[in-house]
Amino acid sequence: MKIKSAEFVMSNSNVTKAPKDRIPEYAFIGRSNVGKSSLINMLMERKDLAKTSGKPGKTQLINHFKINDEWFLVDLPGYGYAQISKKKRTIFQFFIENYFKEREQLVCTFILIDSRHDPQKIDIEFMQFLGENQIPFCIAFTKADKLSSSKLNKQITSYKKKLLNTWETLPTSFITSSSSGLGRKEFLDFIDGVNEDVAKDFQ
Ligand code: GDP
């Protein structure tokens with residue numbers, strides 16, 4: 001897929017106010033600092049479409065971007081940020097939860113995982129939440145350039161093995177690096193394929 005256009009549409013904290021266009025939508029989510037903004041910018045070949053955060057937890061809104069006038073890319077708030085107060089975090093999780101439960105256009109969620117990390121409770125719980133709500137998801141391993149290729153392979157294999165303790169089948173996954181562009185083609189080809197598969201549902 002060639003990225004011909006990538007426009008910011010709106011930010012909000014209420015899914016009912018999200019854009020009404022009936023086009024397929026892909027959500028990006030992960031722990032703060034996982035490299036979400038960098039990955040979005042790398043995929044879209046834009047320097048600062050998504051804001052790379054100096055301060056984790058800053059982008060606490062549902063951000064819609066329209067890509068090629070054909071699909072939405074949604075940048076969701078990073079979760080698991082320790083410094084968000086307990087009360088604020090509850091609200092924050094509530095609107096994300098609503099987004100996932102109510103957004104009919106959502107066809108796939110990309111959960112971003114730092115390639116260097118072992119499975120974290122919050123990511124595993126989030127996958128379970130999506131599973132329980134029958135929301136399809138993929139995993140995007142980020143910052144692959146930070147490990148040697150043998151360490152990277154070992155780490156990803158071990159991550160998948162641990163997932164198989166709770167899941168019968170593994171989700172589609174991508175290994176990415178925003179610094180080198182690794183995984184960009186596979187990622188965009190995947191979205192292209194899903195867009196084709198779901199086209200009839202969006203007529
Ligand atoms: P976000 O909070 O998830 O949006 O994460 P950011 O995209 O702001 O990235 C957090 C930090 O990780 C920044 O210092 C980035 O420069 C760095 N980073 C993100 N992706 C990569 C990557 O693929 N490779 C390397 N080496 N650093 C990365």
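User: Hi! Which residues come nearest to the ligand?
Analyst: Of the 14 residues around the ligand, the nearest are Lys36, Ser37, Ser38, Asp145 and Ser178; a residue is near if one of its heavy atoms lies within 4 Å of the molecule. Keep in mind that this is a predicted model, where local features need pLDDT of at least 70, side-chain atom pairs count only at pLDDT 80 or more, and totals for chains, interfaces and linings use all residues. Residues are numbered from 1 along each chain as its sequence is written, and side-chain values use heavy atoms, with hydrogens and water left out.

User: Thanks. What does an oxygen atom of the ligand lie 2.5 Å from?
Analyst: That is an N or O atom in the side chain of serine 37. A ligand oxygen is also 2.7 Å from a polar backbone atom of serine 178, and one is 3.0 Å from a polar backbone atom of glycine 35.

User: Switching to rings: how many aromatic pairs are there in the whole structure?
Analyst: The search finds 16. Rings of Phe, Tyr and Trp (its six-membered ring) pair if their centres lie within 6.5 Å; planes under 30 degrees apart are stacked, over 60 edge-to-face, and the rest tilted. One of the pairs is phenylalanine 100 with phenylalanine 126, edge-to-face at 5.4 Å centre to centre and 65° between the planes.

User: Why does that pair tie together parts 26 residues apart in sequence?
Analyst: Because phenylalanine 100 lies in helix α2 (residues 86-102) and phenylalanine 126 in helix α3 (residues 121-132). Helices here are DSSP runs (H or I, at least four residues) and strands are too (E, at least two), numbered from the N terminus.

User: Are phenylalanine 100 and phenylalanine 126 buried or exposed?
Analyst: Both are buried, meaning under 20% relative accessible area, with exposed over 50% and partly exposed in between (1.4 Å probe, protein chains only).

User: And how far apart are the ring centres of phenylalanine 141 and tyrosine 159?
Analyst: They are 5.3 Å apart with planes at 80°, so that pair is edge-to-face. Phenylalanine 141 sits in strand β6 (residues 137-142) and tyrosine 159 in helix α4 (residues 149-163), so the pair joins parts 18 residues apart in sequence. Phenylalanine 141 counts as buried at 2% relative accessibility, and tyrosine 159 does at 1%.

User: Nice. Which residues do ring pairs link into a cluster?
Analyst: The cluster holds Tyr26, Phe28, Trp71, Phe110, Phe174, Phe187 and Phe190.

Definitions and conventions: Polar contact = N/O pair within 3.5 Å; in protein donor to acceptor, adjacent residues only side chain to side chain.
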